[in-house]
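Have the structure open as you read.

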Amino acid sequence: MSFGVWDAAGVAVKAIAYAATLGASGAVLFLTYSHSLIAGSERVRILRQVRRSSVIAVIAGGVQIMVTAGSMSGNAADLVSPPLLSMVSQTGLGRAIVIRAAGLLFANFGTSPQRRPAWFAAAGAVAAATSFAWVGHTHSLAPYWPPILLVGIHLCAAAFWLGALAPLLTISQTGDLAVVAATAARFGAAAQYVVGVLIAAGLVLLWLLLGGLSQLWMSAYGRCLGLKLALVAGLLSCAAFNKLRLTPRLTAGDSAAIHSLRASIRLEMSLAALILVVTAALTTLNGPPALE
Amino acid sequence: MSGFRLGGLTCGALALGALMLAGPADAHAKLRSSVPAADAELAAAPQILTLTFNENVRLAVLTLSTAGKDIPVALDRNAAAAPQVSVPLPPLAPGKYQVQWSALSPDDGHVVKGSYSFTISTPAASAPATSH
């Protein structure tokens, strides 16, 4: 298949929507379960990140609708064509973007200074993160609801993991050693289970959508998925290094470990960005072999 | 169980349960057939162009052109999603026509596109009148 400028624009804006939404949702979840450890000034900085990411996610959703409208005719003037924009807005994509925006609104209200119950923000974060599951290839499988639930679980777990990276980096830059160690330890303790769920859900989905292991190298979809798996393996290695090597050093009071933690989190964030670009390509360009 | 855990579990279950309200869909839509067919050579100008897909779509763009000139066609963008879309054609002169279309899946907003051509032949010169 040919890969044109509209495809590139579609993949890019979807990757930005993934990153901003999972970033905002995951940061809200992070604030919720780490609340007692995070000081006021760091909390304010993380909340600013949440607000910024939420705005970017909503704008990316709007641009996604515009790019879809423009891609239909291949004419840039149709990016703002009212009939085409209206047509795209009425699809599942439009519904998913509305749910995402509403979820992010709840998440932001839930973390406002007049703090509402923690579940209020968490509910918004979960709704926003799972909004991507309202559309996609899994809806074609029969029965369709178990794989959709798996995608929802996969997305929640991804938000928990990837969305915690920016707040962890913020705390490692401003917090004292004891706070950094306690926060990294709390995140690591929860992440070992969450990442297990993320991988388990991902592997079942991989099996359902590939329709056979050989499709991993015989189909364009499978090769793209293979690239994602390789990047996830790299991300897992970084996470394991943080939990098994750096966190014990931080807990023991080794201040030099903070520099290594920052470098490792930055590497994780770069790998996460690549994974989201590959995922955007995977969900946009090719249909999975099991559905062909 | 703490209020937070109970609330978290409830909101997680609600959000995931709500996903089940999203209905099934097909993978990317595919064009199954068209009338006139791709590369068809027609003796008479067609009055209607019909595209048949493997799932419900909404036809968003339809361009008909000949010799580099676009022929205006009346496309109803408000039509409900359906697997078959028919568009009335204006009177067409003999020539080679290029059809370009884009359709939108109502379920996931995925765009599928395609193009093909058909030819309307010049009618054979009428036979000379014979005298008796």
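## The salt bridge

Searching the whole structure turns up one salt bridge over all chains, meaning a side-chain nitrogen of Lys or Arg within 4 Å of a carboxyl oxygen of Asp or Glu. It joins the side chains of A:D254 and A:R249, at 2.9 Å from N to O.

A:D254 counts as partly exposed because its relative accessibility is 27%, and A:R249 counts as partly exposed at 32%. Here buried means under 20% relative accessible area, exposed over 50%, and partly exposed in between (1.4 Å probe, protein chains only).

## About the model

This is a predicted model, where local features need pLDDT of at least 70 and side-chain atom pairs count only at pLDDT 80 or more, while totals for chains, interfaces and linings use all residues. Residues are numbered from 1 along each chain as its sequence is written, chains are lettered from A and ligands numbered from 1 in the order in which they are written, and side-chain values use heavy atoms, leaving out hydrogens and water.

## A buried glutamate

Now look at helix α11 (residues 256-284) of chain A, which holds A:E268; helices are DSSP runs (H or I, at least four residues), numbered from the N terminus. A:E268 is buried yet has no salt bridge, and the nearest side chain of opposite charge, A:R266, is 12 Å away. Lys and Arg count as positive and Asp and Glu as negative, with His and the chain ends not counted.

Leaving aside residues up to four places away in sequence, A:E268 touches A:W161, A:L165, A:L235, A:C238, A:A239 and A:N242 (contact means heavy atoms within 4.5 Å).

Key
Helix = DSSP H or I, 4+ residues; strand = E, 2+ residues; numbered from the N terminus.
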